[in-house]
Amino acid sequence: MTADEKQKLEAGGVNVEEAMQRFMNNEKLLERFLKKFVVDGSYNDLVKAIEEKDCDKAFTQAHTLKGVTGNLALAKLHDLVNRQTDHLRGKEFDTAAAMMAEVTKSYEEVIGAIKGVYGE
């Protein structure tokens, strides 16, 4: 990975150093999983659950997204979804739903960075 690619990923919210540790310094494996994240449905499932005002389903989807983002070291997005999961766990649906604009912004930044480095 070039310094420019690393900088782009980090600017998008990927903790590259942590991610590389998680993937045993295997750049190709990390690339494969970041590309899989781009097409992963967890975020869209969360959006749908929030739109449906289904707190239990939203909790499940947020928890799933939290796990995926944690494993990939998508630090900013992970932190946001972690807080959102806590609100949903506590049945604070309106607070969790209000976080979606920030979650969406962070998600789009991560996706943009991954696509910017690895292509569509």
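Which residues of α6 are buried? In this predicted model, they are Leu 77, Leu 80, Val 81, Gln 84, Thr 85 and Leu 88. These residues lie on the same side of α6, because they cover an arc of only 140 degrees around the axis.

**The chain as a whole**
- The protein chain has eight helices and zero strands.
- With 120 residues, a compact globule would have a radius of gyration near 14 Å, and the 14 Å of the protein chain agrees with this.
- Along the principal axes, the C-alpha atoms fill a box of roughly 45 × 25 × 20 Å.
- Of the 120 residues, 41% count as buried.
- The protein chain exposes about 6500 Å², and carbon and sulfur atoms supply 49% of that area.

**Helix α6 and its surroundings**
- Helix α6 covers residues 75-89, which makes 15 residues.
- From its first C-alpha to its last, α6 reaches 21 Å, close to the 21 Å expected at 1.5 Å a residue.
- The buried residues of α6 pack against α3 (27-39), α4 (42-51), α5 (55-71), α7 (93-98) and α8 (100-118).
- Just after α6, Lys 91 takes a positive phi of about 60 degrees.

- In soluble globular proteins, nonpolar side chains tend to be buried together.
- The largest nonpolar core here has 36 residues, and Phe 37, Val 103 and Ile 114 are those with the most contacts inside it.
- At least two residues of this core come from each of α2 (16-22), α3, α4, α5, α6, α7 and α8.
- Helix α8 gives the most to this core, with eight residues.
- Leaving aside residues up to four places away in sequence, Val 103 touches Tyr 43, Leu 77, Leu 80, Val 81 and Gln 84.

**Two partly exposed residues**
- Gly 90 lies in the loop between α6 and α7, and its relative accessibility of 44% is the reason why Gly 90 counts as partly exposed.
- Although Gly 90 and Asp 56 are 34 residues apart in sequence, their C-alpha atoms are 10 Å apart in space.
- Gln 7 is placed in helix α1 (residues 3-11), and at 46% relative accessibility Gln 7 also counts as partly exposed.
- Gln 7 and Met 24 are 17 residues apart in sequence, and 20 Å separates their C-alpha atoms in space.

Technical notes. Residues numbered from 1 in each chain as written. Predicted model: local features only at pLDDT ≥ 70, side-chain atom pairs only at ≥ 80, totals over all residues. Heavy atoms only, no water. Helix = DSSP H or I, 4+ residues; strand = E, 2+ residues; numbered from the N terminus. Expected span 1.5 Å × (residues − 1). Buried < 20%, exposed > 50% of the residue type's maximum accessible area, 1.4 Å probe, protein only. Arc of directions from axis to C-beta. Contact = heavy atoms within 4.5 Å. Core = buried A, V, L, I, M, F, W, Y, C linked by side-chain atoms within 4.5 Å. Rg over C-alpha atoms; globule rule 2.2 N^0.38 Å. Areas by Shrake-Rupley, 256 points an atom, 1.4 Å probe, with all protein chains shown as cover.
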